[in-house]
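Welcome! Have a look at the structure below, and then we will go through a few of its features together.

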Amino acid sequence: MSKGKIGVIGSGLIGRSYTMLFISAGYNVTLFDILAEQTHAAKKDIWDQLKALEKQNLLRGTLTPEKQFELIATTESLEECVRGAFFVQECVPERLEIKRNVWAKVDKMVDPSVIMSSSTSALLPSAISEGLANKNRFIVSHPTNPPFYAPATEVVPASWTDEDVKEKTIALLKEVGQIPVVLNREIKGFVLNRIQYAIMGECYRLIRDGIVSPEDVDTIMSQGLGMRYAFMGPWETAYLNATGMMHYGEAYSDMIFNIQQDFGPPERMEGPTLEYINESMRKLAGPEEDIQERRRWRDRRLTALAKLKKDMDKADAEDSKQ
Ligand SMILES: NC(=O)c1ccc[n+]([C@@H]2O[C@H](COP(=O)([O-])OP(=O)(O)OC[C@H]3O[C@@H](n4cnc5c(N)ncnc54)[C@H](O)[C@@H]3O)[C@@H](O)[C@H]2O)c1
Ligand SMILES: *[C@@H]1O[C@H](CO)[C@@H](O)[C@H](O)[C@H]1NC(C)=O
Ligand SMILES: *[C@@H]1O[C@H](CO)[C@@H](O)[C@H](O)[C@H]1NC(C)=O
Ligand SMILES: *[C@@H]1O[C@H](CO)[C@@H](O)[C@H](O)[C@H]1NC(C)=O
């Protein structure tokens with residue numbers, strides 16, 4: 001018995017991740033790519049990842065890797081990818097004309113009830129979907145990379161997106177173990193990248209002005225702020241730093257406002273400051289030819305952190321039962 005079919009368009013990094021999430025909950029996935037060899041490479045990669053997750057005890061859902069893997073079909077036809085699907089997740093490169101082109105085709109192939117969801121990191125849902133007959137069925141589901149270990153997913157409707165599209169997308173993401181965050185309206189950069197770029201902007205100014213080195217900026221995050229940010233956000237951090245939020249405001253609002261006024265306008269990252277950061281990162285993370293090695297180091301840490309959080313969530317849930 002099938003739970004239903006999902007079409008995934010584009011089988012790169014994100015298409016593979018979404019496929020793994022959907023099969024973990026028992027959905028059939030038909031994977032399409034303009035390059036047939038990409039879908040074959042994707043299947044092999046997904047198999048390897050499923051076995052690795054099983055070993056680390058991080059597999060999602062209740063199905064074995066074998067049962068999950070059986071749910072994947074690949075195709076060289078876009079039509080076959082989306083036919084009979086109740087949900088389509090597009091994961092093609094981040095270029096407006098490519099996405100508009102793909103969706104214009106899918107729009108003509110699917111039933112008006114189908115949900116059309118894009119993985120875009122930064123393109124506005126209105127810009128991708130404005131020309132579609134079924135634009136009211138369009139929404140953005142922007143995952144954090146890597147989606148399996150960083151489950152927060154931004155859900156961004158356009159002004160014309162139907163309410164039920166939003167609700168069903170949220171329900172599906174929750175069912176596969178993601179943690180959706182819904183934006184009430186679209187905005188440039190969505191939320192994750194606006195926060196990320198605000199941090200980068202201030203870090204850049206601190207280096208440009210000679211206050212600290214790039215290594216020291218990274219230390220403040222990885223050995224300071226980031227310790228808490230791995231499990232709570234800035235608001236809970238503030239709340240716990242005082243006796244509640246109103247007290248926090250009384251105690252710190254003036255000081256924070258005063259410092260924020262000192263930040264200065266945004267600046268393009270380029271020139272000597274960027275070269276200085278480049279040089280520091282080469283020392284910290286190794287030369288460019290070793291980046292792949294350092295990425296594996298990052299992914300091992302992320303995996304261990306995800307496991308720790310999962311174990312602690314489980315322990316909390318058991319505590320609250322007693
Ligand atoms: N990589 C990330 O960190 C990340 C995080 C969140 C969201 N995203 C977004 O997800 C989307 C996909 O990114 P990715 O990193 O998986 O890219 P990728 O380059 O790894 O994969 C893109 C795939 O799409 C295929 N493709 C190209 N044109 C196509 C077409 N017309 N029809 C079907 N397939 C086509 C390519 O062959 C490739 O396999 C982008 O919009 C990106 O911004 C990426
Ligand atoms: C879903 O996958 C199963 C297992 O491979 C298969 O038997 C079934 O026919 C598939 N259903 C659909 C709708 O693709
Ligand atoms: C917590 O309080 C200290 C001073 O006691 C302050 O330096 C710090 O910025 C506060 N944290 C937050 C999140 O405001
Ligand atoms: C940036 O760093 C790389 C090594 O990671 C080095 O090869 C390159 O020359 C540097 N570029 C500049 C402009 O300094």
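This is a predicted model: local features need pLDDT of at least 70, side-chain atom pairs count only at pLDDT 80 or more; totals for chains, interfaces and linings use all residues.

Residues are numbered from 1 along each chain as its sequence is written, chains are lettered from A and ligands numbered from 1 in the order in which they are written, and side-chain values use heavy atoms, with hydrogens and water left out.

**Ligand 2**
- Ser2, Asn28, Glu70 and Leu71 surround ligand 2 (each has a heavy atom within 4 Å of the ligand).
- Asn28 places a polar side-chain atom 2.4 Å from an oxygen atom of ligand 2, and Glu70 has a backbone N or O atom 2.8 Å from an oxygen atom of this ligand.
- On its own, ligand 2 has 360 Å² of accessible area, and the protein covers 41% of that (areas come from the Shrake-Rupley method with a 1.4 Å probe).
- The shell around ligand 2 has 1 nonpolar, 2 polar and 1 charged residue (Ala, Val, Leu, Ile, Met, Phe, Trp, Tyr, Cys and Pro count as nonpolar, Asp, Glu, Lys and Arg as charged, and the others, Gly among them, as polar).

**Ligand 4**
- The residues around ligand 4 are Glu275, Asn278, Arg282 and Glu288.
- A side-chain N or O atom of Asn278 is 2.5 Å from an oxygen atom of ligand 4, whereas for Glu288 a backbone N or O atom lies 3.4 Å from an oxygen atom of the ligand.
- The protein covers 52% of the 360 Å² of accessible area that ligand 4 has on its own.
- By class, this shell around ligand 4 holds no nonpolar, 1 polar and 3 charged residues.

**The second largest pocket**
- The second largest pocket holds about 660 Å³ of space (on a 1 Å grid over the protein atoms alone, a pocket is an open set of points with protein on both sides within 12 Å along at least five of seven lines, and lining residues have an atom within 4 Å of a point; the volume is the space filled by probe spheres set on the points).
- Among its 32 lining residues, Cys91, Val92, Pro93, Glu94 and Lys99 are the closest to its centre.
- Which helix gives the most to the lining of the second largest pocket? H5 does, with 5 residues (helices are DSSP runs of H or I with at least four residues, and strands are runs of E with at least two).

**An annotated domain**
- An unreviewed UniProt entry carries the annotation "domain: 3-hydroxyacyl-CoA dehydrogenase C-terminal" for residues 189-256; such annotations may be inferred rather than shown by experiment.
- Residues 189-256 are 78% helix and 0% strand.

Technical notes
A polar contact is a pair of N or O atoms within 3.5 Å; within protein, one must be able to donate a hydrogen and the other to accept it, and residues adjacent in sequence count only if both atoms are side-chain atoms. On a 1 Å grid over the protein atoms alone, a cavity is a set of points where a 1.4 Å probe fits but cannot get out, and a pocket is an open set with protein on both sides within 12 Å along at least five of seven lines; lining residues have an atom within 4 Å of a point.
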